[in-house]
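Good morning, colleagues. Please take a moment with the sequence and the structure before I comment on them.

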Amino acid sequence: VASNDLPDMDSILEFSLREICEFIKWPVGHFYLADEPMRGLISYPVWYLRDSQHYAWFRSITEELYFEKGEGLPGRVMAESGPAWIPDLWHDPNFPRSEVSREVGLRTGMAIPIMVGEKVGGVMEFFTDDHLELDQVLLKDLAPIGTQLGRVLERARSESLLKKQALVLDQIHDAVISMDSQHNITAWNMGAERVFGFEEQEMLGKPFTYLFPDEEKKLQQTLIQPTIINGTCEIEMEAVQKSGGFIHVHISLSALCDQDCLPQSIVCYALDITEKKHAREQLEVYSQDLEKRVEQRTVELNTSVEKIRESRDQIEGILKSIGEGLLVTDCHGKMALMNPAAENILGLKKEDVLGQYVSQVLDNQSLLACWDIERKDKSSSQSFGFELAGKDQGRKFIRGASTLLLGENDEAIG
């Protein structure tokens, strides 16, 4: 009930801690969040304290600690993926807060896991000033709460990741458009607004054919049907802008199929090639080069979304299908995202680098220079190039560009 009525994860956790502590009459409750890259637990700023002033020192000490798997009360829960009980906090050899517990009078502690699938996504711990022996009935009664809160935690993580990935999509200069099985537009990034001039709210729900001057029947034959039959379709054609003008676009369509290989939706990647097409018509000698450059900048998207801002998995599919290598760090320089193309180009595995600082996984100075957030210009991207010596493929020359990811308040977030 709380997860439906309360606005966010913090409110739900605070509500749960308060209700549990008041029901079992224990004065202290606290929540830890799993730190997946480090495989430990960090204190999360959600507490229940019957007397906040009396337990202030205990809270201060707790918030400074980081618990590895098996360490302390929360670490035991993470190691065993099950509840833990310490009847005597003052004399337990694996309880780092025994001294401060004695000072504030806390004697017994217990903790339950918040399960996200088969992994511990968080831990709730509770303390009382009474010396109590193990109460299996109480731990059993609290177990379903941990499972229910696991769903809340998983949803919150998905929503957070979705927002970050949506920001990444909006940094892509060219248009990314998704449509449903009826070929109505369901997602429209900032690149699409730059290319066609229409804002997102103007285009959601409109047919994809709205963007083109040709008859719908012809568009079905040249765009939609080939995509459904072959899975992909690439074509250059004329499109309409909001201003009423016409542009030439290079379009790459990819169908997203269900488990029965039936197309459910389509993703379109559109690149404005108006200037290139005019130059190609004027200077025939450069036509092949221009075509090659257009093809090199075109990305086949193998996934689609019903609503990009509401579906983490579909956005991940779009990022994975981008042909160029894509690396994203947070504002502290830690690796947050690496797509398969980047793994292939740099010879790295994302599971080995995510959560690590860039300087720990890359030793190329030209590449490292791109992550100096303090010195980067928010309004432009920075091009770079370097030579990379591969183990099996010899040397190869790599070119790329870096740009800041900006948050809602125009602050650098990665």
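Is arginine 59 buried, exposed or partly exposed? The model is a predicted one, and in it arginine 59 has a relative accessible area of 30%, which makes this residue partly exposed. Its salt-bridge partner is glutamate 63, with the closest N and O atoms 2.9 Å apart. Glutamate 63 is likewise partly exposed, at 38% relative accessibility.

Let me take two others. Arginine 76 pairs with aspartate 92, the closest N and O atoms being 2.4 Å apart. Here distant parts of the chain are linked: arginine 76 belongs to helix H4 (residues 72-80), while aspartate 92 sits 16 residues away in the loop between strand S4 (84-86) and helix H5 (98-104). Aspartate 92 counts as buried, because its relative accessibility is 18% and the limit is 20%.

Glutamate 125 and arginine 97 form a further salt bridge, at 2.9 Å from N to O. Glutamate 125 lies in strand S6 (residues 119-128) and arginine 97 in the loop between S4 and H5, so this pair ties together parts 28 residues apart in sequence. Both residues are buried.

I turn now to the sheet. Five strands form an open, antiparallel sheet in the order S8-S7-S11-S10-S9. S8 (185-188) and S9 (232-240) are the edge strands; each has a single partner, so one side of each lacks a neighbour in the sheet. From one strand to the next, the twist averages 25 degrees. Helix H9 (residues 216-230) lies across S7, S9, S10 and S11, at about 155 degrees to S9.

Note on methods. Residues numbered from 1 in each chain as written. Predicted model: local features only at pLDDT ≥ 70, side-chain atom pairs only at ≥ 80, totals over all residues. Heavy atoms only, no water. Pairing = 2+ DSSP bridges. Helix = DSSP H or I, 4+ residues; strand = E, 2+ residues; numbered from the N terminus. Axes fitted to C-alpha atoms, helices over the stretch in contact; angles between N-to-C directions. Contact = heavy atoms within 4.5 Å. Salt bridge = Lys/Arg side-chain N within 4 Å of Asp/Glu carboxyl O. Buried < 20%, exposed > 50% of the residue type's maximum accessible area, 1.4 Å probe, protein only.
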